Structures are given as C-alpha cells and as structure tokens.
Amino acid sequence: MAEDKLREKYRKQRLNSEVERSKGINMKLKLYADRMSQPVRAVIIFCKKNGIDFEEIRVDIAKRQNLTPEYAEINPMKQLPAIVDGRFKLFESHAILVYLASSFPGVADHWYPADVFKRSKIHLVLDWHHSNLRRGPTTIVRNTVLAPVLGRPLNPEAAAEGEKFLSASLSKIESVWLKGNGRFLLGGNQPSIADLSLVCDIMQLELLGETERNRLLGPYKEVQLWIENTRNATNPHFDEVHKILMKAKEKLQNPRLKGANNEGGESDMKRTLHSRI
C-alpha cells in the first residue's frame, strides 16, 4: 500500500512537470554539476546533444559545496549530479539519464529504446558499470597522479588493484558488450545512454598522460575505437564538456604549472582538483 502511494505521488509530480513545461511556466531543467565529475559530464553531453534546455548550477566539490544543508535538500546523498525539473528532484546519473531520455521530446529512440528487451539490456550494462568499470579509472588516478597534488602518499597497491578492475572491465566490454557488428555497446549502430556513461568514466584516464593511458588502453583496440565512435557521435559537445579535464591534464603534466602556488599558498592544482575525482 505504501509503495502504491509513493508511485502515485511520483506520477503526479511528473504530470505536474509536464503540464507546467507545456505552459512554459519557469520550467528550465536545473542541473547541479561539477564538470570534473565523470557522471556529470555524461549528463551534460546528453542534454546538449539532445537539445534539452537546462540551467547548469555549479556545485564546487573542492569547496565542499555539495555538503551544505542547502544542497542536501536537493540530494540527501550529497553527491553529483542532481536535477530539479519543476517539482521533481532526482539524483544518480543513470537514473537521471533514464528520466531525461524518457521525459523530454525529441530524444532519439537509440538513446533509451522503447523496446522493453533493448531497454533491459541497457539497464544490464548500467548495473554492471557501477561495481566494475567505475572502480578502475577512479582508483588508479586517485592513487597515482593525484596523490601528490592532494598531499597524500602514492599508493601503488591501491593503484594496482584499480588496474585489475580496469583490465577485467575492458576485457568484458570487448568480449561481451561490444560483441557484434555494431559500433556501440550491445551491437548498436547509434550510442545509448550506457555508451555515454561508460566512456566518460574511461576518459578520466586522460589525467595519467599519454604514455600511461596508452599502456592501460593499448591492448584493447575495440575499446579505443568505441571511445572514438562515441566521441564523434556526440561532438562538438563531447570535446567541449571535457575541456576542463584536458586543462587539468595539462597542469598535471607540466611541472611548472603543477608546482605553481596561488596567493593563498595552496598549489593551483590542489585548488583545482582537491576532492573532485
């Protein structure tokens, strides 16, 4: 009974949002974001590619703005991204991508197909993503190039564990999710929300620099081609949204910039990256 009431509540909220949007009543989608976050980038690229009008509200994780009581009203988990669509609030990037693909007009079917079998397969990839690929790039980057920037010791053991997750995940992507003749996951000829979500996570490896990134991705030719296909399918938005990552990469690879101090005595890189990735 309680579950039925909750479903009815959400159904009414969505209907109210749709009615207000149709009347043009202050209905610009609000997206709470920090572009150093992989899931945030996936949601922004999706919105831009599909012509979804939104207001990007910066929540600076480095300044712990995600931990404020005000933001907790939006997302009690205090993570990014989160959206507010009229009276409807939602967090978790996969859930947000599903909602956007289902609720906004003009989104092509290939992103989140109406066919229940194809849709279920996309959920299968997204569920797998959280406990597999998601753990690899983040663990590696935090315990290698970012450790000195954040004032932490290098942790080769943790980085090696991250590499194991990454390698196993990339192997599964090639042998399972990219199996077939299509250019994208699950044999698709057009990208889905799963392609975008997974590729944005792998892009975090850019922070390692070309040599190390090539060492990790080099054996996986099909994965590299898939990344490029997803990038091409979503450009110019893909490159534009990833500019902040490329800027951080440049600073990490440039000893002069990496060691530069700002007026407050804190390194520029630490100010830029602390607690974000």
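How many salt bridges does the structure hold? The count is 13, where a salt bridge is a side-chain nitrogen of Lys or Arg within 4 Å of a carboxyl oxygen of Asp or Glu. Before the details, please keep in mind that this is a predicted model, in which local features need pLDDT of at least 70, side-chain atom pairs count only at pLDDT 80 or more, and totals for chains, interfaces and linings use all residues. Residues are numbered from 1 along each chain as its sequence is written, and side-chain values use heavy atoms, with hydrogens and water left out.

1. Arg35 and Glu240. These two form a salt bridge whose closest N and O atoms are 3.0 Å apart. Arg35 sits in the loop between strand E1 (29–33) and helix H2 (38–49), while Glu240 belongs to helix H12 (residues 237–241), so the pair ties together parts that are 205 residues apart in sequence. Helices (H or I, at least four residues) and strands (E, at least two) are DSSP runs, numbered from the N terminus. Arg35 counts as buried at 16% relative accessibility, whereas Glu240 is partly exposed at 29%. Here buried means under 20% relative accessible area, exposed means over 50%, and partly exposed is in between (1.4 Å probe, protein chains only).

2. Two further salt bridges. Asp239 pairs with Arg231, with 2.8 Å between the closest N and O atoms. Salt bridges that share partners also join Arg35, Lys48, Glu56 and Glu240 into one network. Asp239 is partly exposed at 30% relative accessibility, and Arg231 is partly exposed at 26%. Elsewhere, the side chains of Arg213 and Glu206 meet at 3.0 Å, N to O, and both of these residues are buried.

3. Aromatic pairs. A search of the whole structure finds five. Rings of Phe, Tyr and Trp (its six-membered ring) pair if their centres lie within 6.5 Å; planes under 30 degrees apart count as stacked, over 60 as edge-to-face and the rest as tilted. Tyr99 and Phe104 have ring centres 6.5 Å apart and planes at 85°, so this pair is edge-to-face. Both residues are buried, and together with Phe88 they form one aromatic cluster.

4. The tryptophan pair. How are Trp128 and Trp177 arranged? They are edge-to-face, 5.8 Å centre to centre with 65° between the planes. Trp128 lies in helix H5 (residues 116–131) and Trp177 in helix H8 (residues 156–177), so the pair ties together parts 49 residues apart in sequence. Both are buried.

5. Thr230. This residue of helix H11 (residues 221–234) is buried, at 1% relative accessibility. Leaving aside residues up to four places away in sequence, Thr230 touches Phe184, Asp195, Leu196 and Val199, a contact being heavy atoms within 4.5 Å.

6. Backbone points to look at. The peptide bond from Leu80 to Pro81 is cis, with omega near 0°, and Pro81 is in the loop between helix H3 (69–74) and strand E3 (82–85). Lys78, also in the loop between H3 and E3, has phi near 65°, a positive value in a residue other than glycine. Another cis peptide bond runs from Asn235 to Pro236, with omega near 10°; Pro236 is in the loop between H11 and H12. Leu186, in the loop between H8 and helix H9 (193–202), has a positive phi of about 65° although it is not a glycine.
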